[in-house]
Amino acid sequence: KTPAPLPSLQFFCSRLLLPSTHLPLPPSAMSRVVLHDDIMRLIVPYVPSDSVGALSQACRTTRDAAVLRDVADGSFSLMQTTERHFVELAKRNGFNTYFQDLFGVSTEEVCTTHLKWKSMFARLGDVGTLSGKVPRGVTAGVLHLLKYGSREQLEALAEMCDRNEMDDPQLLLETRKRLQKLLENGPATEVEVLCGILELGKAHRWMYQFDESAKYYESAKEGFRRLLGEGSAKYVEAAYRVALRHGQPSMTDEKIADLKRLWAMAETSLPNEGVTYFIATDLGIAFDEKGQHEEAKVYYLAALEGRRRVLGDDHKDTLDTVNNLGVLSYDMGDYEGSLAYYEEALKGEERVLGKAHPARIGTLMNMAIVYDDGLKDYDRGESLYRQALEGYEQSLGKNHEHTKDCVKNLARLYAIVSPQDHKVRALIHEYPFLLEDEIGAFLTAFLALRGNDD
């Protein structure tokens, strides 16, 4: 006889814990239930939603069932590079080959970033050790931290995913939201709450949520004005963020006038504050966009001098200013000078941020543009575009705007500068969005003119 089929896992799970509308398991029964983490991972997606709480009590694991459900169905995930960094830090085997390759150095003593990351990671507590959608995975651990972590743990997590470190904007925003609730409901000073509001505004801005960021900036500005006065660094920072008006058209005369007023005040009264040189940097960007390159250079050099003095040569903001001078030199037609600035920035970014950081990959793409559009060295430009594209895909994913911009630059190179129809076809096959983009009509016409000789 054909044996009767075994009950499905879904059938088993639906009866493991009855919904609360039926007969619930008594606490004494639940205390006797022990579920291995691996079994827990398989069971969670099938358990009725009103039994999740009971299941979490029945399972001896560091993760509760709600966390595992969100991880298992993809409702929560980490950026690929963030997960990898956390897994490697969790190994606790020192400065291993992963970090040696990431930062391009062989000893931990010269890699201050790894020492920082290791210290911050230790403050997180136990967030797991594995990759993937598993109970002992760091993804489940980080979500558990977001739900139940302490202020100290969340502050460490926010530091780690900040743009100056691992640069995970989505995780930073979720962390800042949770941390702000703790600040507003816990034993925090009014200034600490306002600082949290300002940081939450920055997190929304890095996710391009400009209306939300403007709301928080205004709130922080008024709060700092009331508590600390208009001469304080915190008030100036909030006022600077408000003056930028992110999401509106590029630098208007009104924006520039606001920034100039803040610069005139901060340059003399706040020479040792980082915000002073943020203002100088944005004034440099504004004048570069207007084609007033010499005036832009004055502000960029002021920002570079101040950041080197206040933050140090290896701070990301200092390296950003070096990169800005590379852009300015390119705009002025000084291609060799532009490359010199980019190469300086690239070395610092690899040493401080690691090879997978989006800022370092962006510098690679800037260098590709110089070789491609400036020096007409198309082979070198193509090689650097390819390196940047690989880096963006690994760190940000295939659908990120930075990745798509890099693909479009390659498509332009293959179709306009150095026509190679077989490479255009291969690129379209790999990235179909090209045909839907504004460049799509041109690529279609290019291939039609070249004929179907493939």
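This is a predicted model: local features need pLDDT of at least 70, side-chain atom pairs count only at pLDDT 80 or more; totals for chains, interfaces and linings use all residues.
Let me start with Lys-376, which is partly exposed because its relative accessible area is 46%, where buried means under 20% relative accessible area, exposed means over 50%, and partly exposed covers what lies in between, computed with a 1.4 Å probe on protein chains only. Lys-376 sits in the loop between helix H20 (358–374) and helix H21, and its phi is positive, at about 60 degrees, although Lys-376 is not a glycine. As background, most residues other than glycine have a negative phi.

Residues are numbered from 1 along each chain as its sequence is written, and side-chain values use heavy atoms, with hydrogens and water left out.

A positive phi is also found at Asp-167, with a value near 55 degrees in a residue other than glycine. Asp-167 belongs to the loop between helix H10 (151–161) and helix H11 (169–185), and it counts as buried because its relative accessibility is 17%.

Now to the chain as a whole. Its secondary structure comes to 25 helices and zero strands, where helices are DSSP runs of H or I with at least four residues, strands are runs of E with at least two, and both are numbered from the N terminus. Of the 454 residues of the chain, 47% count as buried. If we take contacts, meaning heavy atoms within 4.5 Å, between residues at least 6 apart in sequence, then 59% of them join residues at least 24 apart.

Let me turn to helix packing, with helix H16 (residues 274–289) as the reference. Two packed helices are described by the angle between their axes and the distance between the axes. Here the axes are lines fitted to C-alpha atoms, for helices over the stretch in contact, and the angles run from 0 to 180 degrees between N-to-C directions.

How do the axes of H16 and H17 cross? The axes of H16 and helix H17 (residues 293–310) come within 8 Å and cross at roughly 160 degrees. That makes H16 roughly antiparallel to H17, since angles over 145 degrees count as roughly antiparallel, under 35 as roughly parallel, 65 to 115 as roughly perpendicular, and the rest as oblique. The crossing of H16 and H17 is left-handed, which means that the near helix is turned anticlockwise from the far one by less than a right angle, whereas clockwise would be right-handed. Residues making this contact include Tyr-277, Phe-278 and Phe-287 of H16, and Tyr-299, Tyr-300 and Arg-307 of H17. By class, the contact of H16 with H17 has 12 nonpolar, four polar and four charged residues, with Ala, Val, Leu, Ile, Met, Phe, Trp, Tyr, Cys and Pro counted as nonpolar, Asp, Glu, Lys and Arg as charged, and the others, Gly among them, as polar.

H16 also packs with helix H18 (residues 316–331), at an angle of about 15 degrees and with the axes 11 Å apart. That makes H16 roughly parallel to H18, and H16 passes H18 in a left-handed crossing. On the H16 side the residues are Phe-278, Thr-281 and Asp-288, and those they meet in H18 include Asp-317, Asn-324 and Leu-328. This contact of H16 with H18 has three nonpolar, three polar and three charged residues.

In the loop between H17 and H18 we find His-315, which is partly exposed, with a relative accessible area of 25%. The C-alpha atoms of His-315 and Asn-164 are separated by 8.1 Å, although the two residues are 151 residues apart along the chain.

Finally, the cores. A nonpolar core is a set of buried Ala, Val, Leu, Ile, Met, Phe, Trp, Tyr and Cys residues joined through side-chain atoms within 4.5 Å. Of the 81 residues in the largest nonpolar core, Phe-86, Leu-124 and Ile-279 touch the most other members, and helix H14 (residues 233–244) gives the most to this core, with nine residues. Not counting residues up to four places away in sequence, Ile-279 touches Val-236, Tyr-240, Leu-259, Leu-262, Trp-263 and Ala-266. A second, separate core of 35 residues includes Met-79, Tyr-392, Leu-396 and Val-407.
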